[in-house]
Amino acid sequence: MLSVLSYGRLVARAVIGGLSQTDSRDYSLVTASCGFGKDFRKGILKKGMCYGDDACFIARHRTADVLGVADGVGGWRDYGVDPSLFSGTLMRTCERLVKEGRFVPSNPVGVLTTGYYELLQNKVPLLGSSTACIVVLDRRSHTLHTANLGDSGFLVVRGGEVVHRSDEQQHYFNTPFQLSIVPPGAEGRPDAADSSSFDVQLGDIILTATDGLFDNMPDYMILQELKKLKNSNYESIQQTARSIAVQAHDLAYDPNYMSPFAQFACDNGLNVRGKSQLVITSYFSSYIQQLPTLHCLALPYYSLSIPRREVSLVTE
């Protein structure tokens, strides 16, 4: 399996002198990416937002910013199926649904469900499976809505501590819940995704990832890397994302490292180290800014917020 990471931090910027910073202002996302995929060079993207067998998307619609990650199951390669086709198609479909406004911000499970059933109805046969995590930031209510299926997941870091995190869904050791398109009768259920909603605050860091991060780096290592982030410009965000990606990648290939995955394996009667070379890591990151709703501005700073996309302010 592969992994994808995203993280975001809430910061405030006064656009006009004397503008009071109140909770009535909107939040928005700033993102950067870095990834690794098996048999691919470091940091190289496949078609679309895909790293190896993993896929991700970043989308905006009116008052919501949406992030999605999916971990394609590498075992399909043994049957001549490219694992990235399922995860990539699922994420591209969810991204399109968001951009078309065919979703409710408070119901990310609905995005995953609609996207999955569109895949089932695809005229071109598609086989595969993946875990998935979708995070929706309601910019006006400052609420984060999440849906997670399998061993992908998210963290919310506040003041250097983890204050929210997803629950991992496993049938048994190393067998996470998945969405699948296989012979009839064996499909996964998107409504089995775990969902949650909670408020975010200025200064929060929101991190989403597939298992390559959490299996290779315990929380304290992730927090150590995040503490190195001193400002909110795009270059700093990119540097921190890459730093986390490189460390998780290196640890995954260290045969002597007792990773969280290895410890979990030992707890289940298996003697392994690291995460093993079957797991490749890839990551993408996002920051959050608080923007005023009374002005429509297009500052150069905000053009850095999403790679290859321009971020605009939502106005009343």
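Student: Quick one to start: is Pro125 buried or exposed?

Tutor: Pro125 is exposed, with a relative accessible area of 77%. The cut-offs are under 20% for buried, over 50% for exposed, and partly exposed in between (1.4 Å probe, protein chains only).

Student: What sort of model is this?

Tutor: It's a predicted model: local features need pLDDT of at least 70, side-chain atom pairs count only at pLDDT 80 or more, and totals for chains, interfaces and linings use all residues. Residues are numbered from 1 along each chain as its sequence is written, and side-chain values use heavy atoms, leaving out hydrogens and water.

Student: Okay, back to Pro125. Where is Pro125 found?

Tutor: In the loop between helix 2 and strand 7 (128-138). Helices (H or I, at least four residues) and strands (E, at least two) are DSSP runs, numbered from the N terminus.

Student: How many helices and strands does the chain have?

Tutor: Six helices and 16 strands. The chain is 316 residues, and 54% of them count as buried.

Student: What about strand 7, how many of its residues are buried?

Tutor: Eleven of its eleven. Side chains in a regular strand alternate between the two faces of the sheet. In strand 7, both faces are covered: one side has Gly128, Ser130, Ala132, Ile134, Val136 and Asp138, the other has Ser129, Thr131, Cys133, Val135 and Leu137, and all are buried.

Student: And how many bridges join strand 6 to strand 7?

Tutor: Nine, and the two strands run antiparallel. Pairing takes at least two DSSP bridges between two strands.

Student: How many bridges link strand 7 to strand 8?

Tutor: Seven, again antiparallel, with strand 8 covering residues 143-149. Ile134 stands opposite Ala147 there. The hairpin they form has four residues between the strands, and His142 takes a positive phi near 60° in it. Strand 7 also runs antiparallel to strand 13 (residues 179-181), joined by three bridges, and Ser129 has Ser180 as its partner in strand 13.

Student: New topic: which residue has a positive phi of about 50° although it is not a glycine?

Tutor: Arg62. Arg62 lies in the loop between strand 5 (54-61) and strand 6 (64-72), and it is exposed at 68% relative accessible area. Asn174 is another non-glycine with a positive phi, this one about 60°. Asn174 sits in the loop between strand 11 (170-172) and strand 12 (175-176) and is partly exposed, at 36%.

Student: How many of strand 9's residues are buried?

Tutor: Five of its six, over residues 153-158. Strand 9 runs antiparallel to strand 15 (residues 205-209) with five bridges, where Val156 faces Ile206. Four bridges join strand 9 to strand 10 (residues 161-165), also antiparallel. Strands 9 and 10 make a hairpin with two residues between them, and Gly159 in the turn has a positive phi of about 60°.

Student: Now helices. At what angle do the axes of helix 1 and helix 2 cross?

Tutor: Roughly 120°, and the axes of helix 1 (residues 83-99) and helix 2 (residues 108-120) come within 9 Å. Axes are lines fitted to C-alpha atoms, for helices over the stretch in contact, with angles from 0 to 180 degrees between N-to-C directions. The two helices are therefore oblique to each other (under 35 degrees is roughly parallel, over 145 roughly antiparallel, 65 to 115 roughly perpendicular, and the rest oblique).

Student: Which residues of helix 2 meet helix 1?

Tutor: Val111, Leu112, Thr114, Gly115, Tyr116, Glu118 and Leu119, and they meet Phe86, Thr89, Leu90, Thr93, Cys94, Arg96, Leu97 and Val98 of helix 1. Contact means heavy atoms within 4.5 Å.

Student: And how do the axes of helix 4 and helix 5 cross?

Tutor: At roughly 150°, coming within 9 Å, with helix 4 at residues 219-226 and helix 5 at residues 234-252. Those two are therefore roughly antiparallel. Met221, Glu225 and Leu226 of helix 4 make the contact with Thr240, Ser243, Ile244, Gln247 and Leu251 of helix 5.
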